[in-house]
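Reader: I have a structure open and some questions about it. Can we go through them one at a time?

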Amino acid sequence: MIRGHGGNISALAVSLGCPFDAIIDMSSNVNPLGPPPGLLDHLGRRMDCIRTLPEVDAGAAVKRFAAHLAIPANQVLAGSGTTQLIYALPRALETRLALIVGPTYADYHDGCRQNQVDSAYWLTREGEAFQPDFAAMGDLLAPCDTVYICNPNNPTGVLVEGEVLRRLSRKFPGKTFVVDESYLPFVATPERWSLMTERPKNVLVLHSMSKIFRIPGLRIGFMVGDPALIERMQSFSLPWSVNSLALEAIQYLLEPNESIDGFVADTRRLLNDEKEAMTRRLSAIPGIRLFPSATGFFLVRLPDPHRSQEVCRRLAQQKILVRDCANFTGLSDRFIRISLQTRAMNKKCTAALEAVFAT
């Protein structure tokens with residue numbers, strides 16, 4: 001298990017001797033506005049649900065999510081976050097060799113390693129702004145039976161047209177393509193890019209409710225795919241894997257609700273405005289490079305002679321957490337990732353970075 005994920009607020013707060021809420025966490029890719037209005041009050045009223053076991057197969061949640069997408073329920077599987085599903089994939093698919101399009105989320109590799117499955121990386125290039133040229137995958141793709149693609153990608157923020165991924169998967173019908181859309185809800189008109197409702201039979205799509213609704217502690221993830229693939233995954237699903245409060249949250253969040261729709265729309269507007277403002281300010285620093293991103297986070301290449309560990313350390317001293325990207329395969333200690341928060345927090349972060357780079 002990798003221990004370099006973002007969001008280690010507890011350790012920083014303890015080391016600085018300050019309260020947790022004094023830390024500005026720009027290392028975790030979650031919604032700065034969340035959780036959505038009414039959710040916490042609803043869960044507070046439903047606390048009695050923890051007295052009994054949750055539904056063993058999360059069947060009601062599966063049906064609700066399927067109805068939300070207008071697809072049959074036998075195309076949906078629920079899990080305790082997408083991570084649980086990712087770690088079950090190599091066993092369920094009987095993967096022999098996986099290909100991971102990177103640099104990207106480490107758990108695809110770690111899930112394979114835990115299941116004693118070999119994996120290889122096909123790395124996009126900094127000089128091409130990490131845009132993937134799938135036509136160039138060629139020889140690397142040939143021996144692989146499972147392909148992992150994060151769309152939009154973490155940590156680069158690159159978004160690939162859904163039709164491009166459909167064409168790619170149709171070209172290789174004997175391989176299973178796992179497309180992780182955990183960050184797609186942050187993108188305007190996500191249905192244009194998504195494969196959840198229109199996908200070839202060899203595609204599995206991951207969806208997270210944790211990020212857009214800022215409820216990572218509830219651990220809510222879904223997988224969508226052909227019924228035959230979902231049935232294989234069900235054989236490796238744990239009973240009661242979705243807890244009772246998570247099931248309550250799913251029902252609340254997927255009810256037709258104008259306030260939830262408005263919350264998501266407000267989130268997209270905020271992140272778009274803040275990304276433009278922060279990009280303008282940081283781009284004025286000599287030597288820095290910000291990579292275009294479709295999401296609420298973006299990848300930053302540090303100017304010489306700065307390195308990620310020292311930059312992150314100095315920001316942490318000011319109670320600001322950003323993601324050190326040195327442990328992403330395909331990146332190095334020249335990169336950090338910044339997840340946008342509120343205007344005041346973003347201004348504090350940019351001022352702190354300006355001070356670091358000025359010395």
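Author: One term before we start: a contact means heavy atoms within 4.5 Å. This is a predicted model, where local features need pLDDT of at least 70, side-chain atom pairs count only at pLDDT 80 or more, and totals for chains, interfaces and linings use all residues. Residues are numbered from 1 along each chain as its sequence is written, and side-chain values use heavy atoms, with hydrogens and water left out.

Reader: Fine. What does T124 touch, leaving out residues up to four places away in sequence?

Author: With those left out, T124 touches V101, G102, P103, F130, Q131 and P132.

Reader: Where is T124 found?

Author: T124 lies in the loop between β4 (118-123) and α6 (138-141). Helices (H or I, at least four residues) and strands (E, at least two) are DSSP runs, numbered from the N terminus.

Reader: Is T124 buried or exposed?

Author: T124 has a relative accessible area of 11%, so it is buried. Buried means under 20% relative accessible area, exposed over 50%, and partly exposed in between, with a 1.4 Å probe and protein chains only.

Reader: Which backbone oxygen does its side chain reach?

Author: The side chain of T124 reaches the backbone oxygen of F130, at 3.4 Å.

Reader: Switching to the sheet. What is the strand order?

Author: The order is β1-β11-β12-β10-β9, five strands in an open sheet with mixed pairing. Two strands pair if DSSP finds at least two bridges between them.

Reader: Which strands stand at the edges?

Author: β1 (24-26) and β9 (289-290) do; each has a single partner strand, so one side of each is left without a neighbour in the sheet.

Reader: And how do β10 and β12 pair?

Author: Strand β10 (residues 297-301) and strand β12 (residues 335-339) are antiparallel, over five bridges. F298 stands opposite I338 in β12.

Reader: Last one: where is R313?

Author: R313 is in helix α11 (residues 308-317), and at 41% relative accessibility R313 counts as partly exposed.

Methods:
Polar contact = N/O pair within 3.5 Å; in protein donor to acceptor, adjacent residues only side chain to side chain.
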